[in-house]
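Subject: Handover of the structure and notes on it

Dear colleague,

Please keep the two side by side as you read.

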Amino acid sequence: MRVLLVIAVLAATPAAALDLSPKARAALDRGRPYAEVTPDADGSSGLIRAAINIAAPPEVVWSVMTDCDLAPRMVANLKSCRVVDRDPQGRWDVREQISKMTFLPSIRSVFREDFEPPRRMTFHRVSGDLKVLEGEWLLTPHGDQTQVTYEARVAAPFSVPGWVARLALRHDVPMALMALRREAMARAP
(Lines give C-alpha, C1' and ligand atoms only; values in the text may rest on other atoms or scores of the structure.)
Protein backbone atom coordinates (compact mmCIF):
# COMPACT_ATOMS: atom_id res chain seq x y z
CA MET A 1 0.00 0.00 0.00
CA ARG A 2 3.01 2.27 -0.24
CA VAL A 3 1.35 3.45 -3.44
CA LEU A 4 -0.99 5.60 -1.39
CA LEU A 5 2.01 7.50 -0.05
CA VAL A 6 2.45 9.13 -3.42
CA ILE A 7 -0.59 11.13 -2.54
CA ALA A 8 0.88 12.21 0.71
CA VAL A 9 4.04 13.86 -0.61
CA LEU A 10 2.82 15.31 -3.85
CA ALA A 11 -0.09 16.57 -3.61
CA ALA A 12 -10.23 17.79 3.74
CA THR A 13 -11.11 20.72 5.20
CA PRO A 14 -8.89 23.48 6.51
CA ALA A 15 -10.41 23.44 9.98
CA ALA A 16 -9.96 19.68 10.30
CA ALA A 17 -6.39 19.78 9.04
CA LEU A 18 -5.46 22.47 11.57
CA ASP A 19 -7.26 20.78 14.47
CA LEU A 20 -4.43 18.53 15.62
CA SER A 21 -5.05 15.97 18.33
CA PRO A 22 -3.06 16.07 21.59
CA LYS A 23 -1.16 13.00 20.34
CA ALA A 24 -0.22 14.85 17.12
CA ARG A 25 0.85 17.96 19.04
CA ALA A 26 2.99 15.85 21.38
CA ALA A 27 4.77 14.21 18.41
CA LEU A 28 5.40 17.62 16.81
CA ASP A 29 6.67 19.03 20.12
CA ARG A 30 9.23 16.19 20.20
CA GLY A 31 10.32 17.05 16.65
CA ARG A 32 8.69 13.98 15.15
CA PRO A 33 6.23 13.68 12.28
CA TYR A 34 2.70 12.54 13.02
CA ALA A 35 0.49 10.33 10.85
CA GLU A 36 -2.80 8.59 11.46
CA VAL A 37 -4.81 6.42 9.10
CA THR A 38 -8.53 5.90 9.67
CA PRO A 39 -10.37 3.44 7.42
CA ASP A 40 -13.95 4.12 6.40
CA ALA A 41 -16.58 1.76 7.79
CA ASP A 42 -16.80 -0.26 4.55
CA GLY A 43 -12.99 -0.53 4.32
CA SER A 44 -12.88 0.61 0.70
CA SER A 45 -11.25 3.94 1.45
CA GLY A 46 -9.69 5.81 4.30
CA LEU A 47 -8.56 9.11 5.70
CA ILE A 48 -4.91 9.99 6.14
CA ARG A 49 -3.95 12.89 8.42
CA ALA A 50 -0.35 13.90 8.97
CA ALA A 51 1.78 16.80 10.19
CA ILE A 52 5.39 17.85 10.63
CA ASN A 53 7.25 20.98 11.71
CA ILE A 54 10.05 22.12 9.40
CA ALA A 55 12.69 24.72 10.25
CA ALA A 56 12.33 26.52 6.93
CA PRO A 57 10.09 29.30 5.58
CA PRO A 58 6.82 28.30 3.85
CA GLU A 59 8.21 29.44 0.47
CA VAL A 60 11.08 26.96 0.72
CA VAL A 61 8.83 24.09 1.85
CA TRP A 62 6.44 24.95 -0.98
CA SER A 63 9.21 24.79 -3.59
CA VAL A 64 10.13 21.28 -2.43
CA MET A 65 6.52 20.09 -2.31
CA THR A 66 5.82 21.23 -5.86
CA ASP A 67 9.04 19.87 -7.41
CA CYS A 68 7.82 16.94 -9.52
CA ASP A 69 11.36 15.94 -10.53
CA LEU A 70 12.34 15.55 -6.87
CA ALA A 71 9.31 13.43 -5.89
CA PRO A 72 10.67 9.99 -6.92
CA ARG A 73 13.67 10.49 -4.65
CA MET A 74 11.46 11.37 -1.70
CA VAL A 75 8.59 8.89 -2.01
CA ALA A 76 9.00 5.14 -1.64
CA ASN A 77 8.06 3.21 -4.79
CA LEU A 78 7.32 6.30 -6.86
CA LYS A 79 8.86 5.63 -10.26
CA SER A 80 7.89 8.80 -12.11
CA CYS A 81 6.18 12.15 -11.79
CA ARG A 82 5.40 14.47 -14.65
CA VAL A 83 3.33 17.60 -15.07
CA VAL A 84 0.91 16.97 -17.96
CA ASP A 85 -0.84 20.35 -17.89
CA ARG A 86 -0.40 23.63 -16.05
CA ASP A 87 -1.99 27.03 -15.69
CA PRO A 88 0.25 29.72 -17.23
CA GLN A 89 -0.31 31.87 -14.11
CA GLY A 90 0.75 29.00 -11.82
CA ARG A 91 -2.62 28.55 -10.06
CA TRP A 92 -2.88 24.80 -10.80
CA ASP A 93 -1.29 21.84 -12.50
CA VAL A 94 -2.21 18.28 -13.44
CA ARG A 95 0.29 15.53 -12.62
CA GLU A 96 0.70 11.92 -13.58
CA GLN A 97 2.55 9.61 -11.23
CA ILE A 98 3.48 5.97 -11.67
CA SER A 99 4.17 3.82 -8.61
CA LYS A 100 5.40 0.25 -8.59
CA MET A 101 5.68 -2.10 -5.64
CA THR A 102 7.20 -5.54 -5.75
CA PHE A 103 4.65 -8.22 -6.67
CA LEU A 104 1.94 -5.66 -7.52
CA PRO A 105 1.00 -4.03 -10.82
CA SER A 106 2.03 -0.43 -11.50
CA ILE A 107 -0.45 2.18 -10.38
CA ARG A 108 -1.07 5.30 -12.42
CA SER A 109 -2.50 8.37 -10.67
CA VAL A 110 -3.53 11.57 -12.44
CA PHE A 111 -4.59 14.44 -10.21
CA ARG A 112 -5.10 18.17 -10.29
CA GLU A 113 -3.48 20.42 -7.71
CA ASP A 114 -4.89 23.88 -7.06
CA PHE A 115 -2.39 26.30 -5.52
CA GLU A 116 -2.56 29.17 -3.07
CA PRO A 117 1.22 29.61 -2.74
CA PRO A 118 2.86 29.23 -0.34
CA ARG A 119 0.07 28.36 2.09
CA ARG A 120 -2.40 25.85 0.66
CA MET A 121 -2.66 23.17 -1.98
CA THR A 122 -5.77 21.10 -2.67
CA PHE A 123 -5.82 18.09 -4.95
CA HIS A 124 -8.32 15.72 -6.49
CA ARG A 125 -8.37 12.73 -8.81
CA VAL A 126 -8.68 13.38 -12.54
CA SER A 127 -8.11 9.82 -13.78
CA GLY A 128 -5.95 6.79 -13.18
CA ASP A 129 -6.14 3.67 -11.10
CA LEU A 130 -7.01 5.04 -7.65
CA LYS A 131 -10.75 5.06 -7.03
CA VAL A 132 -10.67 8.05 -4.68
CA LEU A 133 -8.02 10.73 -4.30
CA GLU A 134 -8.72 14.10 -2.71
CA GLY A 135 -7.22 16.22 -0.02
CA GLU A 136 -5.17 19.22 0.99
CA TRP A 137 -1.84 20.49 2.30
CA LEU A 138 -1.58 23.51 4.60
CA LEU A 139 1.64 25.37 5.42
CA THR A 140 1.41 27.53 8.51
CA PRO A 141 4.31 29.67 9.76
CA HIS A 142 5.12 29.22 13.46
CA GLY A 143 8.06 31.43 14.42
CA ASP A 144 11.09 30.15 12.53
CA GLN A 145 9.28 26.97 11.48
CA THR A 146 6.55 25.95 9.09
CA GLN A 147 3.91 23.51 10.27
CA VAL A 148 2.89 21.28 7.39
CA THR A 149 -0.46 19.54 7.76
CA TYR A 150 -1.92 17.08 5.32
CA GLU A 151 -5.27 15.38 4.98
CA ALA A 152 -6.39 13.05 2.21
CA ARG A 153 -9.09 10.53 1.42
CA VAL A 154 -7.92 7.68 -0.79
CA ALA A 155 -9.11 4.32 -2.10
CA ALA A 156 -6.84 1.77 -3.71
CA PRO A 157 -7.74 0.18 -7.05
CA PHE A 158 -7.69 -3.31 -5.51
CA SER A 159 -8.72 -4.86 -2.23
CA VAL A 160 -6.16 -4.64 0.53
CA PRO A 161 -6.70 -5.67 4.15
CA GLY A 162 -7.12 -2.50 6.20
CA TRP A 163 -4.44 -3.44 8.71
CA VAL A 164 -1.90 -3.88 5.88
CA ALA A 165 -2.68 -0.46 4.42
CA ARG A 166 -2.57 1.23 7.85
CA LEU A 167 0.74 -0.42 8.73
CA ALA A 168 2.39 0.64 5.46
CA LEU A 169 1.04 4.18 5.61
CA ARG A 170 1.98 4.65 9.27
CA HIS A 171 5.53 3.89 8.21
CA ASP A 172 5.71 5.53 4.77
CA VAL A 173 3.92 8.81 5.43
CA PRO A 174 6.30 9.83 8.25
CA MET A 175 9.27 8.77 6.10
CA ALA A 176 8.05 11.01 3.26
CA LEU A 177 7.49 13.89 5.67
CA MET A 178 11.02 13.45 7.00
CA ALA A 179 12.34 13.54 3.41
CA LEU A 180 10.37 16.75 2.86
CA ARG A 181 11.92 18.20 6.01
CA ARG A 182 15.47 17.21 5.04
CA GLU A 183 15.18 18.68 1.54
CA ALA A 184 13.51 21.90 2.71
CA MET A 185 16.07 22.44 5.47
CA ALA A 186 18.90 21.86 2.98
CA ARG A 187 17.42 24.60 0.76
CA ALA A 188 16.61 27.02 3.60
CA PRO A 189 18.69 30.20 3.85
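Is asparagine 77 buried, partly exposed or exposed? Its relative accessible area is 22%, so asparagine 77 counts as partly exposed, given that buried means under 20% and exposed over 50%. Asparagine 77 sits in the loop between α5 (71–74) and β3, and its phi is positive, at about 70 degrees, although the residue is not a glycine. Please bear in mind throughout that this is a predicted model, and that the values below were computed from it.

To begin with the overall picture, the protein chain contains 6 helices and 8 strands, which follow one another from the N terminus in the order α-α-α-β-β-α-α-β-β-β-β-β-β-α. The chain has 189 residues, of which 48% count as buried. Its accessible surface comes to about 9,000 Å², and carbon and sulfur atoms account for 53% of that area.

Next, the sheet. It is an open sheet of 8 strands with antiparallel pairing, in the order β1-β2-β8-β7-β6-β5-β4-β3. Because β1 (34–39) and β3 (78–86) each have a single partner strand, they stand at the edges, and one side of each is left without a neighbour in the sheet. On average, neighbouring strands are turned by 20 degrees against each other, direction ignored.

In one of them, the ring centres of tryptophan 62 and phenylalanine 115 are 5.6 Å apart and the planes stand at 80 degrees, so the pair is edge-to-face. Since tryptophan 62 belongs to helix α4 and phenylalanine 115 to strand β5, this pair ties together parts that are 53 residues apart in sequence. Both tryptophan 62 and phenylalanine 115 are buried. Another pair joins tryptophan 137 and tyrosine 150, whose ring centres are 4.7 Å apart with planes at 45 degrees, so that this pair counts as tilted. Tryptophan 137 lies in strand β7 and tyrosine 150 in strand β8, 13 residues apart. Tryptophan 137 counts as buried because its relative accessibility is 1%, and tyrosine 150 counts as buried because its own is 2%. Tryptophan 137 and tyrosine 150 also belong to one aromatic cluster with Phe111 and Phe123.

Which residues have the most contacts inside the largest nonpolar core? They are Ile54, Val61, Trp137, Val148 and Leu180, in a core of 38 residues. Helix α6 (residues 162–187) supplies the largest share of this core, with 6 residues. For valine 61, leaving aside its neighbours within four places in sequence, the contacts are Ile54, Ala56, Leu139, Thr146, Val148, Leu180 and Ala184. There is also a second, separate core of 6 residues, which includes Leu20, Ala24, Leu28 and Tyr34.

Valine 60, found in helix α4, is buried because its relative accessible area is 13%, which falls under the 20% limit. With neighbours within four places in sequence again left aside, valine 60 is in contact with Ala184, Arg187, Ala188 and Pro189. The C-alpha atoms of valine 60 and methionine 185 are separated by 8.2 Å, although these residues are 125 residues apart along the chain.

One last point concerns the backbone: the peptide bond from proline 117 to proline 118 is cis, with omega near -10 degrees, and proline 118 lies in the loop between β5 and β6.

With best regards

How values were computed. Residues are numbered from 1 along each chain as its sequence is written. This is a predicted model: local features need pLDDT of at least 70, side-chain atom pairs count only at pLDDT 80 or more; totals for chains, interfaces and linings use all residues. Side-chain values use heavy atoms; hydrogens and water are left out. Helices (H or I, at least four residues) and strands (E, at least two) are DSSP runs, numbered from the N terminus. Buried means under 20% relative accessible area, exposed over 50%, partly exposed in between (1.4 Å probe, protein chains only). Accessible areas come from the Shrake-Rupley method with a 1.4 Å probe; for residues, only the protein chains shown count as cover. Two strands pair if DSSP finds at least two bridges between them. Axes are lines fitted to C-alpha atoms, for helices over the stretch in contact, and angles run from 0 to 180 degrees between N-to-C directions. Rings of Phe, Tyr and Trp (its six-membered ring) pair if their centres lie within 6.5 Å; planes under 30 degrees apart count as stacked, over 60 as edge-to-face and the rest as tilted. A nonpolar core is a set of buried Ala, Val, Leu, Ile, Met, Phe, Trp, Tyr and Cys residues joined through side-chain atoms within 4.5 Å. Contact means heavy atoms within 4.5 Å.
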